[in-house]
Amino acid sequence: MVEMKNVQVLPLLPLRGISVFPYMMLHFDVGRDKSINALDESMVKDQLIFLVSQKDASTDDPDSGDFYHVGTVSRIKQLLKLPGDTIRVLVEGLHRGRIIEIVKDDPFFEVKVEEMPDEDNIEKDTEIEALMRSVFDSFEEYVKLTNRATVDTLVTVSNIEEPSRFADIVASNLTLKIAQKQQILEAFDPLKRLERLHTILARELDILRVEKKINLRVKRQIDKMQREYYLKEQLKAIQKELGEEEGVLSEVEEYKEKIKKAGLPKDTEEKMMKEAERLLKLSPGSPETGVIRGYLDWILDLPWNTETEDNLDLKYAREVLEEDHYGLKKVKERVLEYLAIRQLAKGMKGPILCLVGPPGVGKTSIGRSIARALNRNFVRMSLGGVRDEAEIRGHRRTYVGAIPGRIIYSMRQAGSKNPVFLLDEIDKMSHDFRGDPASAMLEVLDAEQNNTFRDHFLEVPFDLSKVVFITTANSVDSIPRPLLDRMEVIYISGYTEEEKLNIAIKYLLPKQLKEHGLTEDSIIISEDTVRDIINYYTREAGVRNLERKLADVCRKAAKHVVEENRTRVRITQGNLAKYLGIPQYRYEKVNEGVEIGMVTGLAWTPVGGDTLSIEVTTMKGDGKLVLTGQLGDVMKESARAGISYIRSRTEGLGIDADFYQNLDIHIHIPEGAIPKDGPSAGITMATAVISALSKVPVSKSVAMTGEITLRGRVLPVGGIKEKVLAASRAGISKVILPADNGKDLEEIPANVKRKMEFILVDHMDQVLEHALVKGEKDEDKKG
């Protein structure tokens with residue numbers, strides 16, 4: 001069927017998004033340098049050029065692997081230069097060809113092409129005739145469904161007798177992908193070419209039929225909407241004849257009257273008047289009327305000019321804050337400062353405070369007390385789990401069921417434009433594909449911008465500058481830096497044992513007695529018993545669990561009162577276990593004496609401070625360092641840094657210089673089920689290792705915390721207040737701290753500082769001087 005012809009060397013032009021078939025006239029634009037050079041070479045010779053399709057149209061500089069190797073030998077009929085170094089080319093496809101060798105690729109592609117012309121006289125058998133008829137029928141249906149070819153084209157195709165020419169002409173009039181056209185182009189046998197063309201056409205027709213069904217369905221829906229609109233217009237005319245529009249007119253007049261009395265800003269008032277006028281132009285049954293009514297109601301319900309008068313009496317404010325909360329000195333002082341400045345500067349903007357601390361320390365409840373002290377309305381909004389920006393800014397009115405954001409909702413709930421606004425759990429916000437609520441909060445919590453806060457639903461500015469914003473968080477780590485920068489952060493640490501005792505006796509116990517129907521005479525509980533509840537039944541920075549335990553005691557006491565007709569229940573340290581069960585926690589008290597290789601460290605936890613007993617033992621080996629107790633990476637690195645420091649100072653420390661070759665060192669921190677990490681145990685681990693290697697014991701009454709460097713410097717750490725309180729609770733009498741942490745001692749309660757000695761150090765030598773007990777060399781000696 002296929003006659004092999006001669007081989008020619010021709011310039012090659014790769015086409016992007018185009019396929020050229022034999023017998024096809026086509027024009028296209030050429031702009032790439034290689035392509036223009038190929039055209040120039042073709043025009044110099046016999047105007048023949050080999051056209052192939054690129055596999056990927058986005059490739060600007062194709063190589064031999066980026067285009068197909070079967071294409072069409074074509075003749076250039078016309079060239080036209082266009083502006084911008086572009087040439088428009090008119091070509092005529094002659095016959096197929098296949099690349100057998102790429103002669104060169106610069107400055108243009110030149111290839112050896114094996115020409116594959118079709119035979120002029122092909123005998124048409126029954127199969128070819130049947131295929132040609134099927135392809136023509138499919139092509140005719142394709143033209144009717146797409147209107148992409150004219151009737152003249154159909155007539156031309158029907159008069160073609162040669163199978164090869166017929167297949168190529170049909171293929172050139174189809175809108176197909178390049179890969180599909182290439183399949184047809186690479187079919188040299190006319191029978192295979194017709195079969196491929198028939199398969200591709202059948203699939204295209206299936207797609208076009210489904211597409212037609214979809215278009216008809218959409219058209220019917222549009223016709224239905226137009227019919228409903230026409231009927232609604234008729235209904236509107238009938239209502240007008242019946243005089244039913246008077247109800248809408250009176251409603252609009254009522255809205256206009258309210259808008260005038262609301263004292264809105266000028267731009268807002270104009271917008272509201274326009275929205276009210278729109279009600280007259282809409283049908284009463286239109287969904288848009290409900291949206292407009294809801295919009296106007298929201299605007300009119302907001303406190304545009306309603307303010308509560310501040311109580312600027314500092315003495316009264318101090319009494320209210322002290323009455324409701326024990327401690328929290330920094331927060332109370334900041335509120336009193338604000339009141340003092342308000343007396344001097346009337347136009348001062350509301351502060352934006354961020355209270356950061358562990359759970360249960362009173363961050364949320366202090367907001368209500370501040371509102372009572374200032375004589376302002378109070379509103380609370382929880383941000384925990386909020387992940388949609390629309391929760392803050394609201395939805396645009398184009399959406400069905402749109403409502404304002406929770407900021408505007410809370411302002412309407414507050415009823416005044418200067419409330420105390422508590423944004424709870426600001427560190428628990430999240431974000432997803434619906435937006436980032438933290439970014440929306442940037443405008444709310446910016447004193448320079450929030451006087452023109454725009455909710456997406458309202459689309460008019462609302463003044464938030466007189467609001468006292470108070471946010472709460474457990475940690476600042478998850479708060480975006482730009483948002484954190486807009487707030488004044490006040491850190492609230494956990495309560496001390498004495499503070500918890502006072503809170504329990506003054507606030508929690510009276511509250512629980514009242515809730516359980518008991519009086520102060522019906523239950524007797526001593527301070528020592530409350531202290532036991534704090535120490536052995538709770539372990540937290542706040543007082544939530546403490547309140548629950550007191551509630552447990554009150555419930556059981558109430559049961560005794562009712563069942564046994566008792567007028568008074570006495571709860572002591574001896575019978576406390578009957579009410580609360582066996583103690584849930586224990587605090588180790590240090591013993592007097594000394595011990596080799598054991599040092600007491602101090603740690604910070606989310607529920608307060610704690611002590612760590614770091615144990616070190618040495619054994620014969622080859623210098624291995626074993627670390628156990630579920631230590632984190634930072635803590636492991638601190639241990640290795642301490643070992644390196646010791647190796648560099650063996651002579652001065654009285655340690656064998658070859659210890660790292662002859663001994664294995666095992667560092668263990670008890671309570672291995674609890675993860676531990678951080679650099680603050682650096683000097684503690686180093687001291688314990690030095691004690692174990694030098695056989696010099698360490699006093700058990702000494703505790704320490706601090707980060708160590710390779711040169712023995714002691715760096716500052718955090719959580720000093722919590723750590724010192726933990727040391728006090730454990731009976732520690734001397735605490736070694738980094739010198740740079742000296743400023744943190746101001747936060748330590750005076751009664752704790754009186755019972756303890758604080759040693760401030762900046763080098764490891766000073767740590768060893770105060771920790772090691774010189775002259776004690778007996779490893780088993782306990783003092």
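Cover here rests on contact, meaning heavy atoms within 4.5 Å. The helices (H or I, at least four residues) and strands (E, at least two) are DSSP runs, numbered from the N terminus.

Which residues of α1 are buried? They are Ser35, Ile36, Ala38, Leu39, Glu41 and Ser42. Buried means under 20% relative accessible area, exposed means over 50%, and partly exposed is in between, with a 1.4 Å probe and protein chains only.

A word on what we are looking at. This is a predicted model, where local features need pLDDT of at least 70 and side-chain atom pairs count only at pLDDT 80 or more, while totals for chains, interfaces and linings use all residues. Residues are numbered from 1 along each chain as its sequence is written, and side-chain values use heavy atoms, with hydrogens and water left out.

Now let's zoom out. The protein has 27 helices and 26 strands. Its radius of gyration is 43 Å, well over the 28 Å that the globule rule gives for 783 residues, so the protein is more spread out than a compact globule. For that comparison, the radius is taken over C-alpha atoms, and the rule is 2.2 Å times the number of residues to the power 0.38. Along the principal axes, the C-alpha atoms fill a box of roughly 115 × 100 × 60 Å. Of the 783 residues, 47% count as buried. Among contacts with a separation of 6 or more, 74% come from residues 24 or more positions apart.

Next, please find helix α24, residues 682-694. Here 13 of the 13 residues are buried, so α24 is largely enclosed by the rest of the structure. Its 13 residues should span 18 Å, and the end C-alpha atoms are 18 Å apart, in agreement. Just after α24, Lys695 takes a positive phi of about 60 degrees.

Is Gly678 buried or exposed? At 17% relative accessibility, Gly678 counts as buried. Beyond its neighbours within four places in sequence, Gly678 is in contact with Val634, Met635 and Ser638. Met635 is 43 residues away in sequence, yet the C-alpha atoms of Gly678 and Met635 are 5.2 Å apart.

Another loop for you: Pro359 lies between β7 (352-356) and α12 (363-374). At 44% relative accessibility, Pro359 counts as partly exposed. Leaving out residues up to four places away, Pro359 touches Asn474, Gly542 and Arg544. Gly542 is 183 residues along the chain from Pro359, with 6.0 Å between their C-alpha atoms.

Finally, Asp477 is in the loop between β12 (468-473) and α16 (481-485). Asp477 is exposed, with a relative accessible area of 68%. What is its distance from Asp427, C-alpha to C-alpha? Asp477 and Asp427 are 8.0 Å apart in space, and 50 residues apart in sequence.

Definitions and conventions
Expected span 1.5 Å × (residues − 1).
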